[in-house]
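User: I would like to learn how to read a helix, its packing and its charged pairs from a set of coordinates. Could you take me through one case, giving the general idea before the particulars?

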Amino acid sequence: IDTSLPPPTHAQSIASPINLILFALLIVLIYYRLKPKPPPVLAKSPPPIVFRTFTPPELKPYNGENNMPVYLAVNGKVFDVSSGRNFYGPGGPYENFAGRDASRGLACGSFDEDMLTKDLEGPLDDLKGLGDDEWEAMRGWEERFSEKYLVVGKLVAVGDSDTSKKDSSERPAEVSSKEKM
């Protein structure tokens, strides 16, 4: 019995067409894997917001129209609510408050136009006539805005250049119904 192997008819080459194709594919994959990537492009940051003093006529254009930011004032503080444009900008449920002093409307829970100061050149709303519950509601809104939005300024009446005004978070010297008893 002959257990020897028959002589090979031909030797296989490493350079077969399929091996060359696989080698080329490997080189292409290595190239794409190691190819330097372009540096990421960062989005442009918005221009810095400077804390400033607003009068009602100066605040009015900040209502979200014409690509303007959306600002509103609560209790003398001006907030940039642009990130909540869906609510405070044009077409939103609170759009009446954009570019305006929203203190009385938020305190009373009313979106009516008559809650806003009519004469922008006149004095600011002194918020007289608000009850304890309404003051509490307004402070709640002010606190929510302070947590969520950036304070970009303060609201003063036209012609009021006194920047050392008393803190507007104090209730006017009006006797509440509880204090009368």
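**Helix 5 and its surroundings**

Analyst: The buried residues of helix 5 pack against strand 2 (71-74), strand 3 (77-80), helix 3 (85-88) and helix 4 (103-108), where contact means heavy atoms within 4.5 Å. Helices (H or I, at least four residues) and strands (E, at least two) are DSSP runs numbered from the N terminus. This is a predicted model, in which local features need pLDDT of at least 70 and side-chain atom pairs count only at pLDDT 80 or more, whereas totals for chains, interfaces and linings use all residues. Residues are numbered from 1 along each chain as its sequence is written, and side-chain values use heavy atoms, with hydrogens and water left out.

User: Which residues of helix 5 are buried, and which are exposed on the other side?

Analyst: The general idea is that an α-helix has 3.6 residues a turn, so residues three or four places apart point the same way. In helix 5 the buried residues (under 20% relative accessible area; exposed is over 50% and partly exposed in between, with a 1.4 Å probe and protein chains only) are Trp135, Met138, Trp141, Glu142 and Phe145. They cover an arc of only 125 degrees around the axis, which puts them on the same side of helix 5; the arc is that of the directions from the helix axis to the C-beta atoms. On the other side of helix 5, the exposed residues are Asp133, Glu136, Glu143, Glu147 and Lys148.

User: How many residues does helix 5 have, and what distance does it reach from its first C-alpha to its last?

Analyst: Helix 5 (residues 132-148) has 17 residues and reaches 24 Å between those two atoms, close to the 24 Å expected at 1.5 Å a residue. The expected span is 1.5 Å times one less than the number of residues.

User: How many salt bridges does a search of the whole structure find, and with which residue does Glu142 form one?

Analyst: In general, side chains of opposite charge can pair when their charged atoms come close. The search finds 4 salt bridges, each being a side-chain nitrogen of Lys or Arg within 4 Å of a carboxyl oxygen of Asp or Glu. Glu142 forms a salt bridge with Lys77, the closest N and O atoms being 3.2 Å apart. This pair links distant parts of the chain, with Glu142 in helix 5 and Lys77 in strand 3, 65 residues apart. Glu142 counts as buried because its relative accessibility is 9%, whereas Lys77, at 34%, is partly exposed.

User: Which residue pairs with Arg104, and which with Asp126?

Analyst: Arg104 forms a salt bridge with Asp125, their closest N and O atoms lying 2.7 Å apart. Arg104 lies in helix 4 and Asp125 in the loop between helix 4 and helix 5, so the pair ties together parts that are 21 residues apart in sequence. Asp125 counts as partly exposed at 22% relative accessibility. Asp126 forms a salt bridge with Lys128, with 3.9 Å between the closest N and O atoms; Asp126 is partly exposed at 43% relative accessibility, and Lys128 is partly exposed at 48%.

User: What pattern does the protein follow along the sequence, and what share of its residues counts as buried?

Analyst: The protein has 6 helices and 4 strands, which follow the pattern α-β-α-β-β-α-α-α-β-α. Of its 181 residues, 30% count as buried. Among the contacts with a separation of 6 or more, 66% are between residues 24 or more positions apart.
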